[in-house]
Structure formats: structure tokens, C-alpha cells
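Please examine the sequence and the three-dimensional model shown below.

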Protein chains: 2
Amino acid sequence: MSSVTTRPTTEDDITAAVIDRLQGTPDPRTKEIMTSLVKHLHAFVKDVQLTEAEWFEGIKFLTDTGHMCTGMRQEFILLSDTLGVSMVVDLISHRKPAGATESTVFGPFYREGSQPRANGENMATADPNGTPCVIAGRVLDTAGKPIAGALLDVWQANSEGFYDAQLPTHDQLQMRGQYHSDNDGRFVILTTRPVAYPIPTDGPVGRMLKATNRHAMRPAHVHFKVSADGYEPVTTHIFDGGDAQLKKGDTVFGVKDSLITEFTEHPAGDTAAMKGAKVNGPFVTADFDFVLKPAK
Amino acid sequence: MSSVTTRPTTEDDITAAVIDRLQGTPDPRTKEIMTSLVKHLHAFVKDVQLTEAEWFEGIKFLTDTGHMCTGMRQEFILLSDTLGVSMVVDLISHRKPAGATESTVFGPFYREGSQPRANGENMATADPNGTPCVIAGRVLDTAGKPIAGALLDVWQANSEGFYDAQLPTHDQLQMRGQYHSDNDGRFVILTTRPVAYPIPTDGPVGRMLKATNRHAMRPAHVHFKVSADGYEPVTTHIFDGGDAQLKKGDTVFGVKDSLITEFTEHPAGDTAAMKGAKVNGPFVTADFDFVLKPAK
């Protein structure tokens, strides 16, 4: 039977046909994003001359990744992180004025509703074998003025390298806390010293890392989301400058030099270094000021 | 604290760092695919200057798509189909010698283990209100020689436009059959006339089509997977040349001119046109020969 209309017959015709089909998209930004996505996705398939078997492997990989996602584990974020996509988005989104604290990846382990805590309170009671760690500093604006009442939403892995969601007790929120800066912008967090750890490798992202012969390690860090009225919030980490993994690289490419800070060792009883937190035995301290820029 | 090693500080540095991290991939093809994927994925993000909020919408979209996938519904295939990716893969993979039957999209509704059926047997007993339809023809090689014992795995939507997986009785395999060509390469399928139908729009793909103001329709077609020992199998459709939707377009870009065939109407009792199938009332017939090329 003869043709009833002109139909795409080559792979380039298909790309043109799909982009043409997007012309009626009402929202201009959606149209821009979808058009670019189709263009780049098709270019990838043509570039590598993807076979049907490889395409189907890709479908299965994405399906497995979706099935791995729960309220406590976000495998697509982990995939985005390990492919460096999250850091590209981060670098595009956060062109900070000099002096403002730089951001880094959000990661897959943030959980809503963690506990409000007083300054000096221990957020690591579930991790009694870790090295106690006092993280203290101020929240400031870009002019150096203290910001009172800023919220510091803090989370980290325990001293064995596991987040609460990875433990048998995953229903409980652990190693997390919501602290607030005082009238001088000061905060004092008591936790345990973070350690380098592998991201979870029991899912599709682990298979990808294995297939590409990549390590799964992240250097020791503590996660922060710092926010205050009238300022742009920042999602970031502080990294332990003494961690050997820093030189070996971060599987999610999240390290920025400005986020590395020294963790200083103290003997038991060094009350001055405790800054009001109650610490038993030897401990470490890290000083870090968060600088927020005004909201647009 | 000062830098301990050179770290990426721009979005282009990140792309280079990720590609560098893939250098140890043992399998060259995996390395090629992953490198190209990272390059194109990053290029997309930079091209549209994707914001964090948009990135997170994307993460949620992919997660929802994964959660929609079951043994009976493959939302990622549907996404690949509606973005034209499946047809690009198809056109790259199947550069057929002239005369061989062209392939088209596999679609999300194939199911394993459908019933073996004798020539002339009705695969549409679950669709008593549809117009009976006899699809007959031969399986041939590219030299025109009949292929005996070829397997024709056939599936389609019912006359209301639903596949078995979309019905309350989704546990049952319906509107499917495995036919074999006889010694002359001939096959006779009894089914109901296919109709144009919308792909399922109750998932993320439906949201994408709505956001881009696209129709969800596919022109009337019957799915075939035709295979025989010593030949390359072909996954394809035959389209009803009389369907008005052909002119309005296919939401998955799957139509090829060579796959359009005439469906001819016959009055009740036209036994010659039935080709051995037992048909009550008026019916239609479609003649289509499948031509397979030798396996490599």
C-alpha cells in the first residue's frame, strides 16, 4: 500500500519528528527542556550505535533503579551523583558570590523530620563507639554579620560508615539533628567523627561501579542544610581534612576545597575545646562558619 | 585549609573528571557507552542550565516511572517509545536488505508464554464484540522461498483498545497466540480487527504527554514477532491502512509505509476469504507476507 503521508524513515527523521511533536508544549521552559533532552538522548543512541540488546539492558537497569527507590533510599539520586550529573547541576545552580559557603550534592540519605536539638546536644547517641566530635562555628551573612536563629539540619553516617536507613533499625532517625544558631550566630554540634565509607553497592548503581571498575568510596563528611529567613539556603558538607580518602577521590565528585576543614584532636577533659558540649574521653573538634547570601 | 589535590571546580571539569574515572572500565564497549552517556547527559544539563528544582522533578519522574513497571506493564519502554528513542534504536539496528520485512517498536505489552494455536484458530475469543479478522500470508526468505515451521508470536489490543494487562482479568493471557507456518510457509490467524487506541496515560508517560500537549494515540495495528531457525527474527506490526489515525500520527513514531496493509471487508458466508478459519457474520481480511533475512 502506498504512503498516506510523509513518515520518518531514518534515525535523523525520527529526531526531527519527535522535536516537531513537542512544538505544541504550552510552557516554554518545558518545551526547551524536552527538546534538548530528546536531541541529546538521540545523539547518545546514534553516537554509540546502541543495539537492541543494549537498549533492553538500559531499560532493565532503569527499572531496577526505580524498584530500589523507597522513602529511605533514593537510587536515582545515587545514580545522578555517581555519574557526576548532580555536581554539574550544583555548579550551574550555585554560582555564589565570593565568601558565601559553597554547596555540594544533596545525597540519597536525607530524611524529613529529624529531631530539634539544643546547642551542644549529642546527635550521635546511637553511635557510642565513635570518636566524639564537636563541630562549632557561626552562621554569617556575606558582610560578616552573625545570623541568629538559622536552622542547621545536620545528618551523617555513623562511625562504621552507615546511615540510619542502612541499619536494621532503619525506622528510627539516627545521627541527625536540627540545631539553631544563637543570638551571636553561634552553633555547637556534638556528634562522632565522620569516616570514609562506600556508598551502598547492593543495587544497580553498585553494578555500574563494578562494571566500570570504580571505587565506591566517599571521603569522611557531615551533611548540612543551613537556612535562615531572608537568605538563600545552602545544602553542603564539611569534609575532614585528615581523611586519606580525600586524595583518592570521591565516588560522587562532591569535594570542594572550601569545604575541607581540619579536625583537631584533644585529650579527655579539655573543657575549653568542648564549647559547652559534655564529652567523655578524647575527642576532636572542627570549626566551620557558614556564610549565606541574601535571598534574591 | 589548602587544596590537597587538584579538584574539579567548574561544570566542565566535572565532566572531564567523570570521564577520567571511567578509564579503567575493562570492557571496551561498556567504556564507550558509559563515556558517551556521561558526555551527552552533562551536555543536556548544561544546555538547558537545569535548576536543582528541575533536576529533582526529573528524579521524581524517573522514580515514578520505575515504580509503575511490573511484569505486565513496562513504563520505561513506554517512555523510550514516546520519546522516539525506541525507533532510533530500531532504525540503527535493522538496516534490512531490500525486500526483508521491516521491524518496528516492541512496545510495553509483550508477555511471555502465550498459547500455541493451530492455523485458523481464533486468538480473540475474549473479544466477542469485535469485527472478525483473518490475517493470512506466508513466511518467506529474501529469495522468495517459503519458510516452513516459522513461529509467529502475535499480540494485539481488543476492539475496545485495551491489552489483556489493562483489564480486570489481567492475570489471563488474552488476544495472543503462537502460530506456525505450514509446509508452504502459510499461516492463517483469526482475531478481531485492531482499532486505534491511546497508550496508557495513567502514569508518568501520560503526565509527560499532557505537559507537552501531545496526543496519546496509536493507529490500529497487530504485533508480530516472527522467527525461524537460520533467520534473523523480526519484531514488527502490521497497520490497518483504513485507519484514520494513520494520518494523524503515532504517539510512538512506529509506522513504516511497508507495514501498512489493506483490511478488506467481506459479507457473512464468504468462505473463500476465510481461508479455513470459521467466521460468523461479516468480517475483514488482511494479507501480509513476512520476509526474513538469513541469520549472520
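How many helices and strands does chain A have? Chain A has 8 helices and 12 strands, where helices (H or I, at least four residues) and strands (E, at least two) are DSSP runs numbered from the N terminus.

## Basis of the report

This is a predicted model, in which local features need pLDDT of at least 70, side-chain atom pairs count only at pLDDT 80 or more, and totals for chains, interfaces and linings use all residues. Residues are numbered from 1 along each chain as its sequence is written, chains are lettered from A and ligands numbered from 1 in the order in which they are written, and side-chain values use heavy atoms, with hydrogens and water left out.

## Chain A as a whole

The C-alpha trace of chain A spans about 90 × 40 × 35 Å along its principal axes. Of its 296 residues, 56% count as buried, that is, under 20% relative accessible area, with exposed meaning over 50% and partly exposed in between (1.4 Å probe, protein chains only). Contacts (heavy atoms within 4.5 Å) between residues at least 6 apart in the sequence of chain A join residues at least 24 apart in 72% of cases.

The accessible surface of chain A is about 12,500 Å², and carbon and sulfur atoms hold 53% of it; such areas come from the Shrake-Rupley method with a 1.4 Å probe, and for residues only the protein chains shown count as cover.

## Cysteines

A search over all chains finds 0 disulfides, a disulfide being a pair of cysteine sulfur atoms within 2.5 Å. Cys133(A) counts as buried because its relative accessibility is 0%, and Cys133(B) counts as buried at 0% as well.

## Helix α6 of chain B

Helix α6 of chain B covers residues 204–211, and its buried residues are Pro204(B), Val205(B), Gly206(B), Met208(B) and Leu209(B). These buried residues pack against α2 (28–48) of chain A, and also against α3 (52–68) and α4 (75–82) of chain B. Just after α6(B), Asn213(B) adopts a positive phi of about 55 degrees.

## The two copies

The same surface serves both copies, as 99% of the contact residues of chain B recur in chain A.
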